[in-house]
Structure formats: structure tokens, C-alpha cells
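Please open the structure in your viewer and keep the selection tool at hand. The stops below say what to pick next and what is found there.

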Amino acid sequence: MPRKPIHSCTVERLEILGPDGALDASLMPDLDEATIVELYRTMVRMRVFDDKAVKLQRQGRMGTWAQLKGQEAVQAGVAHAMIEDDWLIPAFREHGLMFLRGVPGHLIYAYWAGDERGASFPEGVRCLPIAVPVGSQFTHGSGIGLSLKLRGEHAAAVTFGGDGATSEGDFHEALNFAGVFDTNTVFIIQNNQWAISMPRERQTSSPTLAQKADAYGIPGLQVDGNDVFAVYVAATEALERARSGGGPSLIEAVTYRLGDHTTADDASRYRTGEELAHWQEQDPIPRLRRYLEERNLWDDERERTLEEDAAKWVAAEVDAMNAMPPPDPGDIFRYMYASMPPALAGQLAGLTQEVDR
Amino acid sequence: MSTGRGQQYTGQASASETARLTIAQAVQDALNVEMERDPSIIVLGEDVGLNGGVFRATDGLFERFGPDRVMDTPLAEDAIIGASVGLAVTGMRPVAEIQFMGFVYPAVNQILAHAARMRNRTRGRLTVPMVIRMPYGGGIHAPESHSESYEALFVHSPGIKVVVPSNPYDTKGLLISAIRDEDPVMFLEPKRIYRAFREPVPPGSYTVPLGTAAIARQGSDVTIIAWGAMVRVCLDAASALEREGISAEVIDLRTLNPLDRDTLLASVTKTGRAVVVHEAPRTAGVGAEIVALINERALLQLEAPVERVTGFDTVFPYAKLEKHYLPNRERISAAVRRTLEF
């Protein structure tokens, strides 16, 4: 009886545009100049949107906010690869993807300012509300992917999570389920190196997160998550495979959380300035800007205009949030069930009396 | 434990005559009727397809509706419920099975954090019309973790309805109502009486509305309140008490959330005495809520403190000791007598 290898696994990493501006033209996707400029604009808008939320929080006008800063390329690249019929199943740091998918910015702000109406998206926006219990959204992606498959829709369920979330049992059950039923699902891990204070190495002793796909019999790929071209290529491949019945995939997008975990966190307690400085050099936004400038597609004037436009847009979203009428206390009760049980109606009557007094 | 292969039942969705069915067969019948009516209904769970479920409650569905509507899932309760949430928000109507209530814990995060909250947190934009079926309760000499009654966990959790039938007729009618409900419903099947008796069950479609209790037996001296397998034990106790000249009314709650408070309070107001019976542990059990409700609404009509006959605040004992744990006729009768002698 021999003892011999019966399975081995290799993990690919995809990089197209390096932090030093080097480009692998052979891997470059077919994107026209206007589209690349638009990807850049999108990433800057995300950062402005994110920075504004932090400022609002510091002024006491926003609850806790989970910053996306540094992860713009993942979100812009994936959003550009998605089609209208695809579903987005976010974790809680995908604000950029959410507004690109049609969730109005003022609703995203309103949610984080403590208003449930912020998760009541416009009709036709195929996006779940964010999932706060870490990792609990992965199985929804499996279920939505199965639903799309059963109904023969040419669409996929794009499911996000972080490196920390891969330690949750949900991650295993979701990928396993998706693999068994060949669902139309793409799992994207934003490996931003930190789960609050725990580094990626403390979540798993696997050298990569992408390799976990192999155990579920599905394709896995690691990409430079700060390279919008690599993200776009990886997401396009995986999404087209999922939509056309080729089954689920896992993408590990290696990126970095340049901000704190949330506005309630202080990352300087657990990570070094040197590490932060290293990753600031990998920042996806200057990287793409340099690419554009080298091709005379961008300059300071355009940057100034973009920043002004983004600031105006964000201010309008803040105004729209502030213009929302105060929520009705009765809304605590109104959406619990399709029709309100008598006991709940009694509690609502009690609250109404108290509020009106 | 017998799996009942000998009395295989293949569904009577197209039958025209009332048949005498067990509770397990009534589950099967309801699923047949509803799946025939609505192609968005799918059944998923462990061993529910080819094997027809470990209690045969889904027997014949796989052959009839195929693998895309009767799905044998990996052994993963969290994924079964989490995927069902995903199916439900996109227009399917999943009927998920958890093989035993003692195995539901890995799925509790999905049930409480997502299924029960989706309507509220999206202000009605996304909803989760799903049924989570599971056998619950003791009394069948099952292995460890196969006998739990943790309905109170879910009754305590806003956003999810909890239904517990006690007989075949109600099982079919309540399950059809649960499947058609626009909100998630936990459907707890009393496995001790899955095949204990048969009753006439009409063919085709009918509903028993959720949130309505039944008066299982009329009486005038005391109200006994129960659900699931305990209803039969209470009816048995009521018959014995009748021989002592005590007239006990038995209320079968059928739905624990929302609770039919009107039927319950009307009966207690009439009799002036109440005994709540459940096999779940006593502390913070559903019985405690019922006692509180009676105290709030019917205190002045009470002739005696409300009694509780429940399981103990212990781990459910293994087979050799379970008969000491489960409420029985004698304990219920003694509690009734205490309310009369107060």
C-alpha cells in the first residue's frame, strides 16, 4: 500500500499595476481611457464620502462609522465588473460599492447615524442591508446565488467579508454549501490585514486566504486589492463564471485598512507607524493617479475640479440626510410583522400615549 | 426507534377523500398540497430528499418535485437557515428542516440576527417568508440532544412566529398557514406523537389560522393550558379528574407567538383557576409569560394562584430517566387539585 500525494493545490496571485507604476500590459483589461478616468473619479469620491462621515462622527452628528479608506480599488473594481441584475451582499465596510449599486449616499449616512430608514433601499436596488454580526452574510450569498441559479437568471450574488470573517464558521458553511450546489456566488474577501486589533496571521495559519477555496472545490485567486485593474479582471472572470453556471469562486483581495476599525477604535494601540507608512505607499488612489498622469489623462486642475465636485456631492448627501423628517417612534413596531399582532398593538398604543403626553 | 417505513404514505394532494393520517403524514400532506400550488416553495435540509426525512415527514416529495425543489443539503444548520434567508429575500419560499431542535443552536444567529429582523431593518422592503420545521420535545427514548424543548428562546425573540401543533388536523392546517405567512415561522413538531395516533384529515387545501388557540376540552372548574405533546397528557388528566368530579377545560395554544390572549383569558375568567403545562424547563419558560399575563389581566377573577407543571431547570435526562422529567397525568392532576383546595 503506497503513501503518495493525491492532491495538491496552487494559488495564483494577480497583479497588473504595481505600486511603483509598473504595468503588465499583457494582463491589462480592455478598458478605454474614459472608463479608467471614471474608475479613478469613483475611488476619489469614495474617499471623500468616507472622510466626511468621520468628520460628522467627530462633530457628534454621526454614530459609529466603519472607514473604507484604503480599500477603494477593491470596491471600484468589483462594482465595475457587476451588472444590474447582480446582487450585492455587503459586510459593513462596502459603502463605496453600495452607492455605486444605487443605494443613495444619504441613506448610507442615515443608517450609520442610527436611522433604520437608511437600510430601506429604493425599489430595484439589488443589495442586502449590511451585516453587523461578522461573517453572517456569507450564507445569504450562497442562498441568493442558489435562488438566481434555480430561476435561471444570468446574474450573480457578490458577497463580501473581511479577513477576520473567514475565521467564522459561517464562512466555511457558506463556501461549502455554494460549492455543493454550484451556486451563482462570488465571495470576495477584503483582506485588509486587521480585524480590529488582530492581524491576519492570528486569524489563520494558512499562508493565503485564497487557498481556502480549494477545500470547497471552487476556484480561488489572490489579487493585489490596491490595483483596480487586477480586481476588475478577477471579479469579471469570477462573475461571468457564476452567471453562466460555472459555479462559485473566492477572491482574496489583499489591501489595507488605512483608517481605524471604526470611529470607536484607535489603531495606534496595536499597529506600528512603520507598517502604516508602508501601506500608505501602496495607497490605490495615488497609484492610479500616477498611471493617468503618465498618460496625460489627469492633472492638478482636473484633480481640483474632482475634489470640488465630490465635496459638493457629499454635502448634498449630508443635507439630504438632515432633511429627512425625524423617524416616528411608532416605526419601532410597524415593520416587525406583515400584520401587527394584538399584543404589539397594545405596546404601540402605550408608547404613542407616552410620546403624545 | 421505528421509522415507519411499513406504513409509507405518498401524499394525498390529488386525493378527494378524507384520510386518517398521523402528524408526520399531515406534515407531508401539507407540503405536497402547497408545493403543488406554489412553485416558489422549496424544501431543504439534512436527509429530507432521497431519505424522506429521518421521521419520513418529507417522504415522497423528492420523487414528486425533484432535486431542485427538495434539496438534500450539507450537514450545516447555519447554512441551511442562512441560505434560506437568501432564498426568501429573492422571492423563493423555503421550508427548511432542522433535524432535531437540539441541533438548532448553530442556526440561532441566522434565525435571530437575520430572519427575524429583515423586515424591520429594511422597513418592509425585504422580507423572509420562510418556515423552519423541526421535531422537538422528549418522550421517545432518543439519544442525547434529541429531546429539547427550547420554544421559549424563540418566543422571546421578536420577529419570528412560533407554532406548535398537537394533532394531525391542526398540523396540516397550521403548516399551510405557516407556509403562506409573510414572516418567518418556527414550526415545532412534537415528535413524541408524530405517529402516536391518526385522525381524519381532509384532502386538498385548508388552513388553521396562526395566533388562534383551540379549546381542546370544555370545562368549568379550572383551565389547563398546554401545547404540543403535552395537550394529550392534559386531556388524559382532565378525563381522570372528571371521575373525581372536577371539570377541567383544556386550552391548546397552537401558536406561542403571537399568543391568543383572548381565548386564554376568557377561559381563565370563566373558571377562576389555571394550570400551565410545558415540558420545557420552568424558569423563564413560556409558562412564566402566561402566568404574568393572567396576573395582569385576570387577577380579580382568580380563586387560586396559577400553577405551573413543567420540566425541571436541568439538562434533559437521557432515556432511562426521562419519564421522571416529563410532566405526566399525576403531576397535572395534583396541580389542579391544589388550585381547587387553595
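Two residues are in contact if their C-beta atoms, placed from the backbone, lie within 7 Å. This is a predicted model, in which local features need pLDDT of at least 70 and side-chain atom pairs count only at pLDDT 80 or more, while totals for chains, interfaces and linings use all residues. Residues are numbered from 1 along each chain as its sequence is written, and chains are lettered from A and ligands numbered from 1 in the order in which they are written.

Begin with the contact between the chains, to which chain A brings 32 residues and chain B brings 34 residues. On chain A, select helix H5 (138-150), helix H6 (169-181) and helix H13 (342-356), the elements that give two or more residues to the side touching chain B; helices (H or I, at least four residues) and strands (E, at least two) are DSSP runs, numbered from the N terminus. H5(A) gives the most to this side, with 9 residues.

Now move to chain B and select the open sheet of 5 strands, whose order is E9-E11-E10-E13-E14, with mixed pairing; two strands pair if DSSP finds at least two bridges between them. Strand E9 (214-217) and strand E14 (307-311) of chain B each have a single partner strand, so one side of each is left without a neighbour in the sheet.

Zoom in on E9(B), which 3 bridges join to strand E11 (residues 248-252) of chain B in an antiparallel run. Here B:Ala214 stands opposite B:Asp252 in E11(B).
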